[in-house]
Amino acid sequence: MSPAPTAAPAVAFIPNVASTRQYIGAWAVLSVLQYFAAEAAVAMAWAGPRPYDLRTGYISDLGALSCGIYAGREVCSPLNWLMNASFVVQGLGMLLGAVLLTTGLLRVAARAGTPVHPGRRKPWLAATAVRLLTGAAGLGTVVVGLVPEDVGSPWHYWGAVMYFLAGGAALLVLGLLWLRKTGMAWFILACGTVSLAALVTGGLTHMEVPEPGTLERLMGYPVTLGTATAGLVIAQRVHRHRKQRRAAARATAAAPRGSST
């Protein structure tokens, strides 16, 4: 009696680092940096009785639709539309990156020619978690932009929590996944740690701290910076590989062809 056939071993594959899909995804993630320019412009246009203070003012106050007293704070942000648009653009960039950047690319940190072994489940699960968490964080900040704090809906609060929590967790997992693949992994890991630590502090204190604006920014800024850093690493490596492939293609096209006799 012949032995039962054994399953064929899983074959490793090399992610297509040079694809246009990966390039667009990297730049979509990197685009979250526009948030800082928008926040600075909106804060400078603040029309409240006192200048806007980053240390004490909540981020969402910049997107409040009406001037007046909200939760005991005097808010008046004439460029609220710009702040809310920035939230939406930031979220869409993260969502697009989560869709376009493949699990294989994230597993190898966009290093060209690096094989992925399907049998190793932990890196695959980690890379998949990064995509799901990044998408959830992006969705959260889209909700924040579409539902400003003073419209009377709890969705704004939960959108913000989703952004901080999922965004920080995504960076924590990505930093661990990339530890031996890029030196920037430590910065990404630090961003995730700071964001989640600030979120826990805010939850325990109910934001009743001397500088709630500073605490909230310790939740949000690291997510933006860490996400942009990941996008930069991927964009640089994808661009370098695309450039090398174009150069190789030109060299092949320019090489003299052997003549037939």
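1. The largest nonpolar core of this predicted model has 29 residues, and those with the most contacts inside it are Leu62, Met83, Phe87, Met94, Tyr163, Phe164 and Met219. A nonpolar core here is a set of buried Ala, Val, Leu, Ile, Met, Phe, Trp, Tyr and Cys residues joined through side-chain atoms within 4.5 Å, where buried means under 20% relative accessible area, exposed over 50%, and partly exposed in between (1.4 Å probe, protein chains only). At least two residues of this core come from each of H2, helix H3 (80-100), helix H5 (121-146), H6, helix H7 (185-205) and H8; helices (H or I, at least four residues) and strands (E, at least two) are DSSP runs, numbered from the N terminus.

2. A second, separate core of 23 residues includes Ala109, Ala126, Leu174 and Ala185. In soluble globular proteins, nonpolar side chains tend to be buried together.

3. Leu62 has contacts (heavy atoms within 4.5 Å) with a list of residues that includes Glu39, Trp46, Tyr52, Met83 and Arg217, when residues up to four places away in sequence are not counted.

4. A search of the whole structure finds 7 aromatic pairs, for which rings of Phe, Tyr and Trp (its six-membered ring) must have centres within 6.5 Å, with planes under 30 degrees apart counted as stacked, over 60 as edge-to-face and the rest as tilted. The rings of Tyr35 and Phe36 form an edge-to-face pair, because their centres are 5.5 Å apart and their planes stand at 75°. Tyr35 is buried, with a relative accessible area of 4%, whereas Phe36, at 23%, is partly exposed.

5. Tyr35 also pairs edge-to-face with Tyr221, the ring centres being 6.3 Å apart and the planes at 70°. This pair links distant parts of the chain, since Tyr35 lies in helix H2 (residues 34-44) and Tyr221 in helix H8 (residues 212-254), 186 residues apart. Ring pairs join Tyr35, Phe36, Phe87 and Tyr221 into a cluster.

6. Leu177, in helix H6 (residues 155-177), counts as buried at 11% relative accessibility. Leaving out residues up to four places away in sequence, Leu177 touches Leu106, Arg107, Pro123, Ala126 and Ala127.

7. Residues are numbered from 1 along each chain as its sequence is written, and side-chain values use heavy atoms, with hydrogens and water left out. Local features need pLDDT of at least 70 and side-chain atom pairs count only at pLDDT 80 or more, while totals for chains, interfaces and linings use all residues.
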